[in-house]
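Here is a short report on one protein model.

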Amino acid sequence: MLAAQASKHRSCMAFVGPCPPPLGGVAMANISAQRLLGEEFQEEVFNTSRGEDREDLYGKKGISEILVAFSLIAKYIGFVFSSKSKVFNIYVTSNLAFIRDIFFIIVARAMGKKIVAHLHSKTSGELFLSGFLLKLMGRILGLCHTVIVLSDYHKAFFERHIKGTSLVVLENFVFVDDLKPEKKRTELEFLYIGRLTRKKGFYDLLDAMDILHRQGNSCVINVIGAAETDEKEAALRERIKSSGLSEMVRMHGLLSGEAKFSLFKRSAVLVFPSHFENSPIVLKEGLAAEQLIVCSDIQANMNIVGALPAVMPFEPEQPEQLAAIITGLLEDTENTLQLSRKASCPKQATDTHAKMTLSRIVNAF
């Protein structure tokens, strides 16, 4: 997908990376940056996603995926040659897709483009985060003029490996006005948003709902997201139905825009049971929506919410702990609603702060 907005008055800027669907932090960051800078720059967008609602991140990659990658690189070369943009904002990760991103960076650099690499990466556990491949990624990112990382923690790690360019911290950010509830909540509902996978803790959530149901407790948890495949989604829905949880676990599928925002505003508690994360934007969305946060106590989550008052952490892969926390919240609804109103988004995770940071980076060229 290639789109451009014509203007005689603005400089041109290219955004290279995935655009939703599917639900994902990199795609959301790309769209958010376009939204912030669209008033300042004429946009050219090269979309690297396949446009599918579902994405099996952990499945094996076959010959079809390799052919798609080569086809994408060929289209990208044509995009670079025809582009009027001097600045290329390229979204990269540290997993297998970085092999493709190497070509993106080298081609743009060869054509004299100024490159801002927006690095969405963990610091361990992915393909390019150790040994020779980490050194290679550092060398390639060193060809960029600026590398954006997600936190001070990420900066401290990557500045040891990326030389010859500046590293700037820009957290995953949210548009606070989209999410802030207009009125006080009077009903206690819960929200889960994310992929419907084991590693995101969704199966733990269903186990916790089973426990609540057996104990005679009832609540409503709104679910935004999709499983990796149609078959896995069908199996999840059948499990919910056969367990008698259809009224408690309400599946809304993939939502965006006002439909998504309305569920944030309606639900007082965000449940986030993930086993691993990088820098989860969902927690910041919950804080902006004045939600009480019930989340796994993994380091990435605690980096965001650990010092805040409206947070109840639990150990990952422990549905009994999660069920106990939800039970306690249900027993004192008024106090739960009051706790949620103490939540607020950290300044550095807001769109106002992000716009100042992004504008400072790109206007330096």
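In which helix is the place of I99? I99 sits in helix α3, residues 98-110. This is a predicted model, in which local features need pLDDT of at least 70 and side-chain atom pairs count only at pLDDT 80 or more, while totals for chains, interfaces and linings use all residues. Residues are numbered from 1 along each chain as its sequence is written, and side-chain values use heavy atoms, with hydrogens and water left out. Helices (H or I, at least four residues) and strands (E, at least two) are DSSP runs, numbered from the N terminus.

I99 is partly exposed, at 40% relative accessibility. Here buried means under 20% relative accessible area, exposed means over 50%, and partly exposed lies in between (1.4 Å probe, protein chains only). Together L96, I99, F103 and L127 make a nonpolar surface patch of about 350 Å². Patch residues have over 30% relative accessible area and no salt bridge; like charges are joined within 9 Å, nonpolar side chains (Val, Leu, Ile, Met, Phe, Trp, Tyr) within 5 Å. A salt bridge is a side-chain nitrogen of Lys or Arg within 4 Å of a carboxyl oxygen of Asp or Glu. Areas come from the Shrake-Rupley method with a 1.4 Å probe; for residues, only the protein chains shown count as cover.

D101 is also found in helix α3. Leaving out residues up to four places away in sequence, D101 touches Y91, V92 and T93. Contact means heavy atoms within 4.5 Å.

Helix α12 has 13 residues and spans 18 Å from first C-alpha to last, close to the 18 Å expected at 1.5 Å a residue. The expected span is 1.5 Å times one less than the number of residues. Its buried residues are P319, L322, A323, I325, I326, T327 and L329. Their cover includes β8, α7, β11, β12, β13 and α13.

In α13 (333-340), T336, L337, L339 and S340 are buried. They lie on the same side of α13, because they cover an arc of only 160° around the axis. The arc is taken from the directions from the helix axis to the C-beta atoms. These buried residues pack against β11, β12, β13 and α12.

**Single residues**

E290 and E317 both have positive phi without being glycine: about 55° for E290 and near 65° for E317.

| Residue | Relative accessible area | Class |
|---|---|---|
| D101 | 1% | buried |
| D178 | 16% | buried |
| E290 | 17% | buried |
| E317 | 51% | exposed |
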